[in-house]
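Hi everyone, thanks for coming. Let me put the structure up, and then I'll walk you through a few of its details.

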Amino acid sequence: MKKDDDDLNRRFITYMANLIYYNSINYDKKRRLKDNRFPLTLDNNENLESVLLTVYDSESVPPNLKDHITDHSLYQAYESLPAQQQQILSFAYVQKLNDKEIARILGVSQQNISKHRLKALAKLRQLITGG
């Protein structure tokens, strides 16, 4: 009976040791994969003094340009623009996308985006200056 208990205990301890060993290997693989996929700037120890530490929270920046306008006359002029031109200006100046990226999002040509953006800026200028 004692030999059976010792054998059972040994098998249980071996099983638990293997379980812990292989789970730690899997955990390490997952952690390395995550670290390689999403590296932190601080993990790179090359030029820590020259690293600019900024916190970017996409939720804190309103995606629409009219939420950033503080001048009343500019706000009214912006509101008078067509919705597509407002959207193009928001993409260009808030989300900092270039014409090619905006064109891909909206499904139109890059030249069309450039034309609408310049037209919107000219209309804003005309409405604000009164000329």
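Let's start with a term: I call it a salt bridge when a side-chain nitrogen of Lys or Arg is within 4 Å of a carboxyl oxygen of Asp or Glu. Please keep in mind that this is a predicted model, where local features need pLDDT of at least 70 and side-chain atom pairs count only at pLDDT 80 or more, while totals for chains, interfaces and linings use all residues. Residues are numbered from 1 along each chain as its sequence is written, and side-chain values use heavy atoms, with hydrogens and water left out.

So, how many salt bridges does the structure hold? There are six. One of them pairs Arg117 with Asp99, at 3.1 Å from N to O. Arg117 sits in helix 5 and Asp99 in helix 4, so this pair ties together parts that are 18 residues apart in sequence. Helices here are DSSP runs of H or I with at least four residues, numbered from the N terminus.

Are Arg117 and Asp99 buried or exposed? Both are buried. By that I mean under 20% relative accessible area, with exposed being over 50% and partly exposed in between, using a 1.4 Å probe and protein chains only.

Now to helix 4 itself, residues 99-106, where the buried residues are Asp99, Ile102 and Ala103. Looking down the axis of helix 4, these buried residues fall within an arc of 100 degrees, so they line one face; the arc is taken from the directions from the helix axis to the C-beta atoms. Lys100, Arg104 and Ile105 are exposed on the other side of helix 4. The cover over the buried residues includes helix 3 (83-93) and helix 5 (110-129), with contact meaning heavy atoms within 4.5 Å.

Ile105 touches Phe91 and Leu97, leaving aside residues up to four places away in sequence. The C-alpha atoms of Ile105 and Phe91 are 9.7 Å apart. Just after helix 4, Gly107 takes a positive phi of about 75 degrees.

Finally, over to helix 1, residues 2-37. Arg32 and Asp28 are four residues apart there, about one helical turn, and they form a salt bridge with the closest N and O atoms 3.1 Å apart. Asp35 forms another with Arg31, at 3.3 Å, and that pair is also four residues apart in helix 1. Asp28 is partly exposed at 23% relative accessibility, as is Asp35 at 31%.

Terms used. Helices (H or I, at least four residues) and strands (E, at least two) are DSSP runs, numbered from the N terminus.
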